[in-house]
Each structure stands twice: as C-alpha cells, then as structure tokens.
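Me: Could you take a close look at one part of this model for me, the places where the chains meet? After that, please carry on into the elements around them.

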There are 4 protein chains.
Amino acid sequence: MPGNVLGERFVVVSFGESHGRCVGVVIDGCPAGLPLSEEDVQPLLDLRRPGQSAISTPRKEEDRVEILSGVFRGRTTGAPIAMVVWNRDVDSRSYERLLETPRPGHADYFASVKYGGFNDHRGGGRFSGRITAGFVMAGAVALKLLKATLGIEVMAYVKQVGDVIAPDLPIDAIRERRYSNEVRCPDEESARRMVEVIREARASGDSVGSLVECVAVNVPQGLGEPVFSSLDSDLARALFSIPAVKGVEFGKGFGVVRSRGSENNDPLTLMDGRVVPKTNNAGGIVGGLSTGREIVVRIAFKPPASISKPQRTLNLATMREEEVVVTGRHDPVIGPRAVPVVESVVAVVLADHAIRAGLIPPVLRGTDPRP
Amino acid sequence: MPGNVLGERFVVVSFGESHGRCVGVVIDGCPAGLPLSEEDVQPLLDLRRPGQSAISTPRKEEDRVEILSGVFRGRTTGAPIAMVVWNRDVDSRSYERLLETPRPGHADYFASVKYGGFNDHRGGGRFSGRITAGFVMAGAVALKLLKATLGIEVMAYVKQVGDVIAPDLPIDAIRERRYSNEVRCPDEESARRMVEVIREARASGDSVGSLVECVAVNVPQGLGEPVFSSLDSDLARALFSIPAVKGVEFGKGFGVVRSRGSENNDPLTLMDGRVVPKTNNAGGIVGGLSTGREIVVRIAFKPPASISKPQRTLNLATMREEEVVVTGRHDPVIGPRAVPVVESVVAVVLADHAIRAGLIPPVLRGTDPRP
Amino acid sequence: MPGNVLGERFVVVSFGESHGRCVGVVIDGCPAGLPLSEEDVQPLLDLRRPGQSAISTPRKEEDRVEILSGVFRGRTTGAPIAMVVWNRDVDSRSYERLLETPRPGHADYFASVKYGGFNDHRGGGRFSGRITAGFVMAGAVALKLLKATLGIEVMAYVKQVGDVIAPDLPIDAIRERRYSNEVRCPDEESARRMVEVIREARASGDSVGSLVECVAVNVPQGLGEPVFSSLDSDLARALFSIPAVKGVEFGKGFGVVRSRGSENNDPLTLMDGRVVPKTNNAGGIVGGLSTGREIVVRIAFKPPASISKPQRTLNLATMREEEVVVTGRHDPVIGPRAVPVVESVVAVVLADHAIRAGLIPPVLRGTDPRP
Amino acid sequence: MPGNVLGERFVVVSFGESHGRCVGVVIDGCPAGLPLSEEDVQPLLDLRRPGQSAISTPRKEEDRVEILSGVFRGRTTGAPIAMVVWNRDVDSRSYERLLETPRPGHADYFASVKYGGFNDHRGGGRFSGRITAGFVMAGAVALKLLKATLGIEVMAYVKQVGDVIAPDLPIDAIRERRYSNEVRCPDEESARRMVEVIREARASGDSVGSLVECVAVNVPQGLGEPVFSSLDSDLARALFSIPAVKGVEFGKGFGVVRSRGSENNDPLTLMDGRVVPKTNNAGGIVGGLSTGREIVVRIAFKPPASISKPQRTLNLATMREEEVVVTGRHDPVIGPRAVPVVESVVAVVLADHAIRAGLIPPVLRGTDPRP
C-alpha cells in the first residue's frame, strides 16, 4: 500500500487536500449493523473544526460530514463507508510566494522534491493538518463501534503546553472535563495557565509545543498481534501519521531509562476478579499485548511551524538566504485541536485489533436489520 | 497480515522461538544481484550474541547463520532469502514453575490469555528478546543493500544508562567507536560509568533502563510515503516491535513540548550544493519525509523485567500474592545488546522505503551474474 | 484488507452502491505528473453507461465523473485520486418484494446471510454490476498511464455470444472497430448475428451468455511478480471480481488439456530484435511472467440472472417454492457492456505490476509541473 | 508484498528452490490449539512426491517434512509455523547448457530477463513445480484446520487427460477412490485409459495436458469477502500460482457462454433445513459468496514443457535457431501430481476466508493446552 491506507480489518483510506475540493475517508471493514448517521460523526468533527476560539486558526470551515456510502436505513451495511467534508473557506493567495521561499519547519520543499513539484502545495496540500478531518470521521465510527461492542472508551487531553504541566487526574475527571475549555485540559487551573502561554506565544508572533495524553479504558486483555503489529507498534505508527508528532511513549515512557527493574515491574494482582498489573508503569501494554489496565500513551507535538515572526530561509530562485514572513491563518499550538484526532487514531487502531482478534464480529446481530 | 510480517517491498517474516528449534527470518523482495553470503550476516549477529561479556546473559549460543534459499553463486537471486540460527544452549527447567507465578513485567500471563495457554512459554517463547536474532539477520542484508546502492549508513549506540548520559559526539566517532566496548557507547568515559551502573544493578539483583540513539546518514531527500507510511510512522512501528521499547522520539523529540516555533523550526540553507535544513531539530524527518539531514531517533528501553531480587506476584493456583524469585539467565540491561537490533530494524525500514521510492532497482546490474 | 481494495502500488479502493448516493473509487499510488482531467475518464465511462442501445438496460444514468482529489493544475499530484459518479435514475420499488422471494442466480440471499440482512439490497447493492463504474474510472487512469509511459494498449471485445463466435482478427482491426457497434465485436458479420441472438433471448424473456477476449500489447518482458502475484494470478483475481464471470483462461486456455507438449510449446525466435516466443499459445505469460508477446485472456460471462420469464424460487416467508417474475431494468447479455470494464481491470493490474517492477517511476518528469 | 506471500489472516510465505538446499513455507496466522505434528503433513506430501510411478519423474526425493517452529507439545501455538523439506537428489548437470538454448515453453529466458541473469536457473529454480511442496505443507495444515473446525473437506482429482474425460461421480466415490491409482482419477476405467494416453505421449518423447476438478464440501454459506477478495477471485489467484495452469472455471464455467439465463440460474430450495440452490451451475459461488452447495472448480494444466522430442529454439549465443533436446527428469503429465497441490491451495484460501469471517477463532479452545 502506498501509505494512505491504514489497518488490516478496519481499514481507513485517506484522501483530499487542504485547499482542494474536499477532505475524505473510506472505511473498509466496518461490521454490519452498527447504527450510524451523520449525527454520530459531526460532534467529534466539530471538536476538531478550526475557527472556534482565540487560540486556533481563524479559517472558517463548516466541516459538515456527508456519508456517501455504506449506510442503509440508519445502519452500517458491511460495505465501505465513504465520508467527505467539502472545503469552503479556501484562500490560497499567500501560498504561491512560498514556492520560492519555503517555510522553515514545513514539508513544502521536501514534498516538492519527492513529487517533482507536482504536489498541490496550497495550504500544505496533503501535508496539512486539515487532512486529519478524515481521521476524525473514521475515528467517530471506530469510537462508536468500540463503545457499543466492548465498552471501550478513548479519552485524550492536553497534558502540557510549554512548561505548564497538568497534574494527574482520575479517569472520571478526564472523561467529563477534557472538552470543557478551549485548551482541552481537564484541570482548570492548568488550562488557564496554558492559555496564557499560548496567547503570549501568539502575541510575539510565535508558537508553542504541547503534549497530549490519551487513555483507553476497558480494553480487553491480550489485544495486540505478534511482533510487528504489536499494539504499541500499531498505535505508534498511526500516531506518527498525525502531522507535527515528534515522540510517542507508553506508560512511564522515557522515564524507564532512569528506573530499576524492581521499581518498574508491575506485579500482578487480583482486581475486580481479573488478574491484572497492580501498578501501570507499562501503560497497559506488555510484550505488545494489552494487560487489562488502561492504555496510556503520550504524544509530543512540536510548536506549529507557521509563525508570523520573520524567519530566515533560502530563496530557491536566488539561492540566497533571506527573511520570510509567513502569513495565512494558523494555530499557535497543536495539542488542543489534536485531542479529537488522537482519540480517533487510537480508536481506529483498537477497532482494527479488536476485529482481528475476533472480539468484534463481522455482523452486530441483536439489532433488527429492518427498523 | 497477522503481525510476523513487516514491510511492503522489502518484506521481513519472523519465525522461531527462544527455546524451540531455531530462530529464523525470510526476506521477500530483496533485489537480485547483491553479493551475499553467511560472512555478511555473521558479524552483526555476533554483536547481538549472548554470553559475550560480564554485562550480558551467560546463555551460550553460537548463533551461526545458515542461508537456506535466495542466494546462488554468491549473489541474491530475487527469490526469498530464508535464514536460521539453531538454538543450542536451551535450558527450560526454570520455566515450568513460572506458569503458576507469572514473572512481573513479562508478557507471560497476557500471552497465555491471548493464546489460551497454547503458547510456547519456555524462555518467553515468541516474546523473548531472542527472536531479534531474526531481525538482525534481515538487518545485515538491508545494511549491505543500503550501503552498496545509496551509501546509506545506520549507526546506533547507547546514549544513556540509568542517569549516565553520553555527550553528543561527531558521526565519525560514532561510526568508529560504538562497538569498541561492551556497553556500546562510543564515549569511553561514559561507557566506563555505564558499566559501573550496570554492575551495581546486577550486584543488587536488579536491572536498569537504557536509551539507544540511532543515526542514519546519506538518506536521500524525500524518502517516506504519505500519511500512514510516513518515514517516522514506519520506523516507530518497527522499533516498537523490539521487546522492551517504551518510547520513540525523533530529533528534539519530547523536547519540542517546551520549545517555541521560532527556535524549533529548521531554516533551509545550501550545504554541499543541496538545499537542506541548517539545524536538525527535526531529526531528519519533516512531514514524514526525509530532509537530507541525518535521521536521528532515540529509543527508550525499560530495565529487563527478569531480576533475581525477590518480587511479589500472584500465584495463579492459589490466587494469592506471593514472593517469586526469577532464576534463569538474563541481561541486566538491554541497550548494549539492542544496538545491532536497532540498526537492523532501522535499515530494514529504510531499505523498504528506498525500494518503494524506486531508488533501489529490482536488479542490481553492473555486477556480472556469472562470476 | 477486507476486499474492496486491489493492488499493491497502484491501489484501487471501490465504494458505493447501485441505489445509494454514488459509485466511487480512490486510487492510491498513481505517479505524479500525469496529465488528467474528467475528460480523460468520461469517454470510457460513457462506453460502460447503461441505456445506450436496444440490447442494454433502459436505466438512464448520466454517469458524469467528478474528480474530488489528487489532481492539481491538470496533473496528478501523487496524492490519492478520489472519483465519483452520482446515482440519479434510481428506482428501488421492485426490490422490496424480492427480499421475500430471492431472485434465482443472484447473490441476494447469500449476501443477506453474510451481512445479517443489513446489506443494501436495492438493485443488488454492492453486488450490482453498477459498481464496475468505479473500476472503469480507475481503469481510465491506468490506461492513460500505461499508454503514456510504456505504450501499452489494452483492448477487449466480444468474442462470442451464445453459439456465435467471431473469427480471429488482427490487432489493428480490434483496435479500430471494437467499439463500432453496440455489441462490441469488431467483426461486423458476427456482430450482426450476435445482436440477433441477444434480441431473440430478450424477446423470449431470457438472457444469454457471452465471452470477452482481451489483448494487451507492448507489455515489456518479465512483468509479473513471483508465485502468488504472478501476472496471471493477479489478472485472474481482478477479472473474477467483475460480477458474472465464471471462467478465465490465458492463450490456448482450456484447449491445452487436449494438446501435446510438442505442439503447445512456443519456441523462441528473434522478432524485431527481441527474443520472443514465435507462437503465442501461452497467451503472453509463462511462469507468471510476460513474454513480450501480446497478453491474451478470455473471460466467460454467464447470462444475466435477471430475466422476465417466470422462474421458480423459494418464498422465505412461507418456505414454499413459488413462481417469481423479476421486473426492473436489466441487460439481456453482459459481454458488450463489460468490454470497457475488462479493459479497465486488466489495465489496473498491469499498471500496478509496472510500478512494482520499477518500469513506471513515482514521478513522470519531463512535463513541466507548472503549466 | 512481492509475491511469495498469500493470504490475509492465514498467511502462507513460500521459499526455496528446486536445486537449492530446501523448499519451505511459513504459515503466519494459524490459530492456536490445533493438534499438529509431522505425521499430519507427511501423507499429503507423499502424495505429491516425485518418483512414485511410471508416469512421474524418476527424481527421488524423500521429502521428509520438518516443522521448525510454531508447534509446542503437539499443538500449534499461534506463532508462525515454519516447515521445510531438504533437497537431496539434485542433479544440475544438464542445466548449464540450457542457459544458451532456453527450453521452449519454460520460464527460463523470461526469468533471466526479469532477474538480470541472477536467478537460480537450476531445475527451473523458483519456477519449478517443486516449490509446490511448500504449498502442500501449508495445505496439510489448512486441511486439518478446516476439517477440525468446520467439517470442510477439499477433494481434487484428475477429470481429463488429453481426450479422455472421466464421467461425473458422486462425492463419496471421489473421496474414497481419488488416490487409488497413479493417475488420481476415481473412475477406474477412465484412469486406465488416461494412463495409456500418458504412456503413449511419453513413449513418443512428448507430454500431454490435463484437467483437475476440485470439490469442497461443507463450506458454510456467505463465505467470501467483497469484490476483489471474492471467494472465486482469491481461489483463482491462488490456483494460477501453481505452475502450468492456463485456465480456471467455476461450476458450468465456460459452458455458460452458450447457455440461457433460464437454464443457468440455480433456483433456491429447501435442502436439509437450509435454503440453498437446487442445482449447482454456479459451482457453489454466487456474487463471490459461497452458496452452501459444494464448490466446484476446474483447472487446466498444460502439457509439461519438458519433452525429450527434439525442438527448435534460439541459441542466445549465436542468435540462430537450432534444435534442442531437453534431458533431465520430468513428468509427462501434470494433473496427477497436482491433485494434492490443488487441494492444498484451495484449502489455504478457504482457511484464510473462514478466519477472516470469524468462523474459525484465533484459539481452538476445548482441547487442553497441557496434555
């Protein structure tokens, strides 16, 4: 597969560009019988939508999902589910100039090398964060499927922006409060300080990095395929597909480097009648298999490359360095808008693995096919 | 694919168990015409071999590679290359007891849940670090292929053990000195201190975490496929397949969270006639594409789960917690022996991508097929 | 992959239903730089369109292709190409009744078993010949790509309808005359007799079987991957994906059973400076590899299952056999409308293999990216 | 995948050469808990073994299977199952000469074009029928799995040799008598005449074509994935991977071309409490899905290309046509030895689809993991 296809049994195909006609997705392999309509997809898409707050890009997109296939009488049919959002508020004026002076930190130049200049560079084209709207449409279906069949929930939130780190919170607080503010941090005090940092960065024509933590609960034990499709392998692969991700870690993550085995090992215990690790340093995955504890993964997002501060870059016509000022409409931080994207990507991988493991059947019986 | 298969065009199939008859690998898709014999594979395998120093397991395995297919008259034929090492020094006595009291931090219990108890648990079976001998056999071929066709080199080394961090070193030092000591750290002073930490941990019946950094040089610009097979996605997937990996980061990695766009962006410049990023915060990958700068990836290894210190675990027969002492032969740290494994895995992914991109042709012409 | 995805490097994803909103396709892996617009796709789609003659279904569909992504400034970008035709003339009234009395020869009942009754049964849903509109959109791109890069042409025509067999014709006649009549047979006299047979069948409320032959010329030698992706394997797989195909044969095909090696073997000779088989009993493929001679494949299409003659079937409500009369709008023969579909499917497989073999590069340089 | 890999969930990887060290296979995805030992595989392998009768090649190979991995305590573990047979009776002397004068009807020349002359040409290398020993090892496992879980049986036999066609026989006769004679035709009278034809061909230094029919019973309804992985698509793909196959047809096959819908349609009826087609013109597959009736597929094998009669071919050194006499040890007909190969390939595809459909679980519980 050339790369726009993810998964084995719950397969996601991504298409569309930032400034083209649409952004879309096809899901192949969704079980039949899942109640589904645009109303199931739109709310998550709305959480990703630009132009919603002072800390995101002012680009205005309605992002109304249209389901083109695979649903009949309000239920999935087992056929591929194609979905699109149409691009409306496209302003490509500022991008022509950037062909000559590629924006530092962007893929523009390397994409043009790879595709011989034929790539659609407007708004970053395929390399734009906008294509994650497709991930979210697929994610909304995966989330609904996981919840309906296995009771799995996937919840992400912003854990850190710059130097501001949110304290650890119980799952319930994350579930209820993660979308309660524009920065998507369930701890209000941290959220307030994060907003400050973001505003400050934007005010100085700059951007700031962020960390998203994602927790998946009720994941059955033993999920994960061997070796190259271990659960952490497949999650990491999918997460690094989100633009701007520079690091992925599970559980204690990079913290294990300084630890001793005697403190890092999670001993088994009996909890609610199940044998599970008492502590969760492993982040819910050992040997590539889920342990029955919550899966905990953290994702580092770089500060957005588009900043209004003047920057040095190379003018490809003159082959001299010069100053460039990137205009256009951009986010000063990625984490907050990435929260629904991370949830989506994690859900897609879990749905794929649950189907592979035979935990979700090809047909969700028990609902009446002809309502 | 169920998970023992990696790649699209340079495909690696892993098989074998820790205490079974052998550990092996099949490579499908290696171009024809590459000079290859056991002598090309053995040296890297020797670097991974157990029983070589005071800081590794005393298990003695000769690990002599045998090429079973795909090579004719000293050159690859384009047919699948099957390779094995036979297991010799197998001592499974200590493992029966562990079925009842699963070792903390190991996959034993979760594997038994997944496979209904049918999995070969001896020595960890498929979940043992020993299966990485197969990765290394494949890696040796990939490394030779990359060097011969594109001049790409892949070099890993131990960057950190516990609190001991090696200073940044020039590529040349890494190339020449990374295998010069048992801890595989090219900085001798750091290496000496790392060995101390490891010995101390072992002496107290414990183990310690480690960090491996891997650098790939001469990677052509624009390598990487779109979105879900971006270069970082595929590298991360493969790296998380190595047992005990808990985190993967590129370039500045998790350091981006605290950074500003203005400092993190790598401006373009002209270097040796090519347009490349002047700095390399991105670790050689932007938008999933290689930038022409060295690829820099860091991998966090947890301390080995097997320690001789008494630990609490659950007795599955009595369902009571009790103390377990893990005997058997084990490494007190993973990083040093993982160095050739990391190089192998990175090389396999780069070879796959180079073939996908048409940069390595299906036949290496220019050598005489009938020497 | 669940089955709606074909290919490795030129990947086709099919979606849409007969009576849903649309029929569509995504191509992932088309090289960048191919001039492409709706005008390149529409003509082939028109040749497949229903309602064009007395021997095809009266369903009227404009079938105007819309390219949704992957094309910029008149050229492919290397990104996925999504294309749709919208369904307009949908009349699902007659299909409700068929849920109770499944049409003989149709997939209706078996699909309902597989999908638990959740499948969209209207007009056959995913099992309708209408989804081949997606194959044709992909095929038009593949045909253009093959012609532009390697000079490959793919030409199918109706070789037989019922007992009427067209004589062998030179390639030039096939190229020029295959679309010159409604039955898509380049031999006018045979075409006339075929039309008679078809009309006769329709007049008696019946349908008739047909045979399509497809010839691909200028296919370079050695195309085809080993064993399970041999050229004939992949062509056969794709051809059996066309609804109603019951047999596929290459060259002399089933005729080999009665032949002797001494007559069936194609000796090598020198032709136009190339070493190729003098005769072409093999149909251009030996050992799964193209020989340099034209590829010749024949495909048997059953008579359409939908006939207006009364037929016996089971009433699923009463579980008694009864008479059913299938109304709706249907073709009395499949071959003629399948001709562009066969060309498309063969072209898609050849394009995929040519890219796998490195014969078509990822970027078609030599055209200016910014016209 | 480059082509030596087949399947999605029951994955078969083929390796080895005719005159190399071994022929082997890896199965990835076999469920855990299936009782398995060499004794389960050897009998089918024996049926394929050369040197068994006057109508097969005199090459003597013991073909003793060795299971290298994936089995523990007599049961599959869920890990990859690697199996090999070692090549013993290799005589490559006659093959050097053929490099200059390629054998008519063989892949030798085209393989050498594709692989730049690096391919192992001895005995046909990867293009030899000998690699089907690997298919049979995988097939034996698939057959056992299908029988143990779903009661599916797969039975092939020689239906035709030259002009001799065996009459239709009941399933029971096929089951019991197909391996009762050297020509693998359950009808003794036909078998006798087929042997005559084969002897006659051999006596005149020639070879003869053959037709194998394969029947699969107890296949559950609705097996088959959509469109490109329809059951007939995947079966055809796998069958065309067997060397020398030139045609594949299901049910009435090419006979449909002359038929009318009213006679070809299989009406539904109630049989043993299930709704199934009353007749089986469709060969058990409609719309790519199994109908519940026996699957019937016929495969045309060309006469073996290796004949001792003098033939014309091109001398690649002189570029002149000359006479060549192919020595070496060869079969005069393919069908009889292909019978277990066809059964194997069909079983592998059915096992893959049954797992994809969730009809065979990842773990076969109900047997005790520790006997």
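Reply: What follows starts with the contacts between chains and then moves to single elements and residues.

Some bookkeeping: residues count from 1 along each chain as its sequence is written, and chains are lettered from A and ligands numbered from 1 in the order in which they are written. This is a predicted model, with local features needing pLDDT of at least 70 and side-chain atom pairs counting only at pLDDT 80 or more, while totals for chains, interfaces and linings use all residues.

Let's take chains A and B together. The contact involves 88 residues of chain B and 88 residues of chain A, where two residues are in contact if their C-beta atoms, placed from the backbone, lie within 7 Å. On the chain B side, the elements giving two or more residues are β1 (5-6), α2 (108-114), β10 (210-217), α6 (231-239), β11 (245-250), α7 (261-264), β12 (268-271) and β17 (311-315) of chain B. These labels are DSSP runs numbered from the N terminus, helices being H or I with at least four residues and strands being E with at least two. The largest share of that side, six residues, is supplied by α6(B). Sorted by class, the side of chain B that touches chain A holds 41 nonpolar, 28 polar and 19 charged residues. Here Ala, Val, Leu, Ile, Met, Phe, Trp, Tyr, Cys and Pro count as nonpolar, Asp, Glu, Lys and Arg as charged, and the others, Gly among them, as polar.

Strands also link these two chains: β11 (residues 245-250) of chain A and β11(B) run antiparallel and are joined by three bridges. Strands count as paired once DSSP finds at least two bridges between them. Across from Gly247(A) stands Glu249(B) in β11(B).

Now for chains A and C. Their contact takes 41 residues from chain A and 40 residues from chain C. On the chain A side, β2 (11-16), β3 (22-28) and β6 (75-76) of chain A each supply at least two residues. That side of chain A divides into 18 nonpolar, 14 polar and nine charged residues. The same surface serves both, as 98% of the contact residues of chain A recur in chain C.

The buried residues of α6(A) are Ser190(A), Ala191(A), Met194(A), Val195(A), Ile198(A) and Ala201(A). A residue is buried if 20 or more other C-beta atoms lie within 10 Å of its own, exposed if 12 or fewer, and partly exposed in between, with C-beta atoms placed from the backbone. Down the axis of α6(A), the buried residues fall within an arc of 140°, so they line one face of the helix; the arc is that of the directions from the helix axis to the C-beta atoms. Glu189(A) and Ala203(A), on the other side, are exposed. The cover over the buried residues of α6(A) includes β8 (153-161) and β9 (164-165) of chain A. Just after the helix, Gly205(A) takes a positive phi of about 70°.

Still in chain A, strand β16 (residues 295-301) contains Val297(A). This residue is buried, having 25 other C-beta atoms within 10 Å. Leaving out residues up to four places away in sequence, Val297(A) touches Cys214(A), Leu235(A), Val248(A), Phe250(A) and Gly283(A).

Most residues other than glycine have a negative phi. Asn218(C), however, has a positive phi near 70°; it lies in the loop between β10 (210-217) and α7 (231-239) of chain C. With 13 C-beta neighbours inside 10 Å, Asn218(C) counts as partly exposed. Arg184(D) also has a positive phi, near 55°, and lies in the loop between α4 (171-177) and α5 (188-203) of chain D. Arg184(D) is buried, with 23 other C-beta atoms within 10 Å.
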